[in-house]
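Colleague: Please take one part of this model and look at it closely. I would like the pockets and the elements around them.

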Amino acid sequence: MVGMSAAIIQGVPATTLDTDIWVELPARQYIRLWNLVKRQGGVALAPTMYALVDGSLVNFIFSMTGLKKFAAEYEQAREMYWNGLKIRVLPLDRIYQSKKASARDKDMAHLPLLANVMKAQKMNDEQNKQ
Amino acid sequence: MLKDWKKVYRRIRGLRGLSDEEKIMIARGLAATPDERWQMHENFLRSHGLFSHWERKASGFKW
């Protein structure tokens with residue numbers, strides 16, 4: 001999981017309209033993801049954007065700006081339990097890095113919040129150790 | 001867990017450049033479990049009638 005949904009489950013007080021999932025697949029194979037979603041009752045809104053049966057949105061991402069290759073980031077990703085599943089989540093500093101590199105207005109707007117949460121997290125962890 | 005947010009708040013109180021309200025928001029986020037964090041996020045969207053794609057379309061959102 002990447003993007004703001006990954007930031008939210010790591011404690012960033014924000015909201016997002018879709019869940020971004022980075023997949024290790026060539027973009028031309030998006031049909032495999034579409035078939036998976038379709039089998040579960042979802043509908044396609046765009047080639048990589050799907051509405052699931054509960055109305056939540058999933059956006060599959062094939063490449064991330066400003067990051068290393070999938071395998072390298074996957075290895076460093078945080079393992080977390082969420083909704084009864086063990087998932088890999090892009091750490092906050094890497095989310096920050098990808099948003100900074102993409103430089104879209106909506107990504108730049110998230111940077112101060114991400115930076116503050118990372119500072120708070122560090123402060124919390126340090127004082128927790130004492 | 002979310003109920004322990006005051007403990008986290010005390011640890012991050014010294015964070016510069018943020019209001020108390022912002023520190024409380026961050027403390028709640030950090031104290032919560034991943035499932036509690038996601039629940040807060042979904043509750044926020046639901047409270048505005050924006051949880052599902054279909055609700056958002058009806059409110060004029062593209063997605």
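Modeller: The largest pocket is lined by 37 residues, and M1(A), T19(A), I21(A), V58(A) and W82(A) lie nearest its centre. A pocket here is an open set of points on a 1 Å grid over the protein atoms alone, where a 1.4 Å probe fits, with protein on both sides within 12 Å along at least five of seven lines; lining residues have an atom within 4 Å of a point. This is a predicted model: local features need pLDDT of at least 70 and side-chain atom pairs pLDDT 80 or more, while totals for chains, interfaces and linings use all residues. Residues are numbered from 1 along each chain as written, chains are lettered from A and ligands numbered from 1 in written order, and side-chain values use heavy atoms, without hydrogens or water.

The volume of the largest pocket is about 900 Å³, taken as the space filled by probe spheres set on the points, which are joined across faces, edges and corners. Two or more lining residues come from each of β1 (18-22), α2 (30-39), β4 (57-61), α3 (70-76) and β6 (85-89) of chain A, and from α3 (34-47) of chain B. These elements are DSSP runs numbered from the N terminus: helices (H or I, at least four residues) and strands (E, at least two). The lining holds 24 nonpolar, 7 polar and 6 charged residues. Nonpolar means Ala, Val, Leu, Ile, Met, Phe, Trp, Tyr, Cys and Pro; charged means Asp, Glu, Lys and Arg; the others, Gly among them, are polar.

Next, the second largest pocket. It has about 580 Å³ of space. Its lining numbers 24 residues, with D20(A), K99(A), R104(A), K106(A) and D107(A) closest to the centre. By class they split into 9 nonpolar, 9 polar and 6 charged. At least two residues each come from α1 (3-9), β1, β4, α4 (92-102) and α5 (105-108) of chain A. The largest share, 4 residues, belongs to α4(A).

Now β4(A). β1(A) runs parallel to β4(A), joined by 5 bridges; two strands pair if DSSP finds at least two bridges between them. β3 (49-51) of chain A runs antiparallel to β4(A), with 3 bridges. V58(A) is the bridge partner of T19(A) and of Y50(A). β3(A) and β4(A) form a hairpin with 5 residues between them, and G55(A) in the turn has a positive phi of about 90°.

T48(A) sits in the loop between β2 (43-46) and β3 of chain A. Beyond neighbours within four places in sequence, T48(A) is in contact (heavy atoms within 4.5 Å) with V58(A), N59(A), F60(A) and F62(A). T48(A) is partly exposed, at 24% relative accessible area.

Last, α4(A). Its buried residues include L92(A), R94(A), I95(A), S98(A) and K99(A). They span an arc of only 160° around the axis, so they share one side of α4(A); the arc is that of the directions from the helix axis to the C-beta atoms. The buried residues of α4(A) pack against α1, α3, α5 and α6 (111-129) of chain A. Just after α4(A), A103(A) has a positive phi of about 60°.

Methods:
Buried < 20%, exposed > 50% of the residue type's maximum accessible area, 1.4 Å probe, protein only.
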